[in-house]
Amino acid sequence: MVPAAKAEKKAGLDAAAWLFNVVTSVGIIIVNKALMATHGFSFATSLTCLHFVTTTLMTVVLRWLGYIQTSHLPLSDLLKFVLFANFSIVGMNVSLMWNSVGFYQIAKLSMIPVSCLLEVVFDKIRYSKDTKLSIMVVLLGVAVCTVTDVSVNTRGLIAAFVAVWSTAFQQYYVHFLQRKYSLTSFNLLGHTAPIQAGSLLIIGPFLDYWLTNKRVDAFEYNISSVVLIVLSCSIAVGTNLSQFICIGRFTAVSFQVLGHMKTIIVLILGFLLFGKEGLTVQVVFGMVIAVVGMIWYGNASSKPGGKERKSHSMSTRQQKKQHDSSEVDDDKV
């Protein structure tokens with residue numbers, strides 16, 4: 001009875017964490033789309049910097065109130081994480097500028113197999129056949145409904161490569177650091193957000209000027225755009241926190257697979273809020289395939305052997321073998 005109640009509590013907390021991430025992620029995308037499309041605020045890296053400044057202020061307040069306890073994270077690991085995270089942000093922005101929308105989407109989809117590779121190499125994770133097939137179905141579905149024109153160039157390919165691998169390492173590191181140093185999501189965010197805010201404050205305006213040929217300080221701010229920026233920063237606090245919570249509770253791969261549910265929701269909301277001309281049979285068909293794949297993945301990865309460490313599975317088999325042999329010996333006696 002107790003294990004069942006514990007499992008139900010964990011499932012409830014997992015669902016709440018995932019819902020928190022979906023709501024905040026979709027919300028910030030809609031707000032940013034309105035800010036950039038309606039007001040022409042195209043300074044993505046500077047906006048991300050403001051997100052981390054706001055997040056840093058939140059962690060300072062929570063630490064002052066006693067909700068964040070003192071914890072330790074070695075400087076070398078902190079700098080590695082920030083390096084991966086900043087390369088991810090810069091790489092994604094540059095990839096979007098240098099590549100077609102279709103190739104950009106393909107690059108984002110490739111983060112799942114890259115994340116799988118990192119788990120296999122570093123964590124010795126083994127995936128069952130059903131889990132692998134379910135991931136392929138998710139990738140197929142999202143590709144059908146998001147990938148359109150595909151054109152590749154050398155510099156765009158390099159930018160996409162940097163973006164994909166740095167993002168995969170950043171998300172892997174979230175799970176790795178929480179597990180290695182017993183850090184809560186608040187603790188890890190308290191360590192990383194200030195460094196990210198400071199580094200992006202330095203490179204953000206220059207990168208945005210390079211990408212857009214416009215200066216963020218010369219933008220014509222008005223009440224409406226400022227309200228959207230403040231709203232975006234407020235939601236970003238929840239987005240950053242929920243990402244750490246979800247990756248800490250699940251893994252980077254599960255976060256990526258289930259994360260495509262946000263892609264589907266954003267597409268639907270985009271059609272409802274910004275026009276339905278892109279809603280085609282192909283898009284709907286892709287959504288259905290992706291959702292089926294996500295449900296399949298959730299079921300397959302939760303089964304025994306669906307996704308487990310090789311060392312753990314080997315020790316389990318060895319214990320079973322020893323148990324069987326002991327039974328044989330008992331029979332002989």
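# Helix packing and cores in a predicted model

Guide: In this predicted model, helices H2 and H8 are roughly antiparallel to each other.

Visitor: What makes H2 and H8 count as roughly antiparallel?

Guide: Helix H2 (residues 44–65) and helix H8 (residues 185–212) pack at an angle of about 150 degrees. Angles over 145 degrees count as roughly antiparallel, and H2 and H8 are therefore described in that way. Their axes lie 7 Å apart, and H2 passes H8 in a left-handed crossing.

Visitor: Which classes of residue make up the contact of H2 with H8?

Guide: The contact has 15 nonpolar, nine polar and two charged residues.

Visitor: Why is Phe20 called partly exposed?

Guide: Phe20, found in helix H1 (residues 2–39), has a relative accessible area of 33%. Buried means under 20% and exposed means over 50%, so Phe20 with its 33% is partly exposed.

Visitor: Which residues does Phe20 contact, leaving aside its neighbours within four places in sequence?

Guide: Phe20 is in contact with Gly238, Leu241 and Ser242. Phe20 and Ile245 are 225 residues apart in sequence, with their C-alpha atoms 9.5 Å apart in space.

Visitor: Which residues have the most contacts inside the largest nonpolar core?

Guide: They are Phe81 and Leu188, in a core of 39 residues. Helix H7 (residues 154–181) gives the largest share of this core, eight residues. Apart from this core lies another, of 20 residues, among them Ile112 and Val138.

Visitor: What does Phe81 touch, not counting residues up to four places away in sequence?

Guide: Phe81 touches several residues, including Tyr173, Val174, Leu177 and Phe244.

Conventions. Residues numbered from 1 in each chain as written. Predicted model: local features only at pLDDT ≥ 70, side-chain atom pairs only at ≥ 80, totals over all residues. Heavy atoms only, no water. Core = buried A, V, L, I, M, F, W, Y, C linked by side-chain atoms within 4.5 Å. Buried < 20%, exposed > 50% of the residue type's maximum accessible area, 1.4 Å probe, protein only. Helix = DSSP H or I, 4+ residues; strand = E, 2+ residues; numbered from the N terminus. Contact = heavy atoms within 4.5 Å. Axes fitted to C-alpha atoms, helices over the stretch in contact; angles between N-to-C directions. Parallel < 35°, antiparallel > 145°, perpendicular 65-115°, else oblique. Left-handed = near helix turned anticlockwise from the far one by under 90°. Nonpolar A, V, L, I, M, F, W, Y, C, P; charged D, E, K, R; others polar.
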